[in-house]
Amino acid sequence: MFDHIGIRVKNLEAAARLYSAMLAPLGHVAGSAGDAYAGFGPKGKPALWLHKNANAGGGHVALRAASREAVERFYAEGLKAGARDNGRPGLRTDYAPTYYAAFLLDADGNNVEAVCMR
């Protein structure tokens, strides 16, 4: 359904460091970048874009994880890199019987989720 997603951030450099750390366990890497943007996704195919903007925050993005272990690594690496907890890794059976997810907030208040449906 989606070609790409954009998230607004106030401090692009700090946000790029955080996203690089928390997306690595999900198999995503930094891609194209400039003074006002940074892309992440599979190598050579960035699909999640950070855009420098003074009116940042409040977005939500859920990223597919290959395993529950990847969800846990996403959460741990994100916390180490400066994200704030917004939901520890675990089952969310109110969403679906096998919905295993973790939620992190970046410095701008964007909610980033990793989810595995196994």
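Here is a short chat about the pocket and the salt bridges in this predicted model. Residues are numbered from 1 along each chain as its sequence is written, and side-chain values use heavy atoms, with hydrogens and water left out. As this is a predicted model, local features need pLDDT of at least 70 and side-chain atom pairs count only at pLDDT 80 or more, while totals for chains, interfaces and linings use all residues.

Reader: What is the volume of the largest pocket?
Author: Rolling a probe the size of a water molecule over the atoms shows where empty space is left. On a 1 Å grid over the protein atoms alone, a pocket is an open set of points where a 1.4 Å probe fits, with protein on both sides within 12 Å along at least five of seven lines. A volume is the space filled by probe spheres set on the points. For the largest pocket it comes to about 540 Å³.

Reader: Which strand gives the most to the lining of the largest pocket?
Author: Lining residues have an atom within 4 Å of a point, and strands are DSSP runs (E, at least two residues) numbered from the N terminus. β3 (37-41), β5 (60-64) and β9 (111-116) each supply at least two lining residues. The one that gives the most, with three residues, is β5.

Reader: How many residues of that lining are nonpolar?
Author: Ala, Val, Leu, Ile, Met, Phe, Trp, Tyr, Cys and Pro count as nonpolar, Asp, Glu, Lys and Arg as charged, and the others, Gly among them, as polar. Three lining residues are polar and three are charged. The nonpolar ones number 14.

Reader: Which residue forms a salt bridge with glutamate 69?
Author: A salt bridge is a side-chain nitrogen of Lys or Arg within 4 Å of a carboxyl oxygen of Asp or Glu. Here the closest N and O atoms are 2.9 Å apart. The partner of glutamate 69 is arginine 73.

Reader: Is lysine 80 buried or exposed?
Author: Buried means under 20% relative accessible area, exposed over 50%, and partly exposed in between (1.4 Å probe, protein chains only). Lysine 80 meets glutamate 77 in a salt bridge (3.1 Å, N to O), and glutamate 77 is partly exposed at 30%. With 66% relative accessibility, lysine 80 counts as exposed.

Technical notes. Helices (H or I, at least four residues) and strands (E, at least two) are DSSP runs, numbered from the N terminus.
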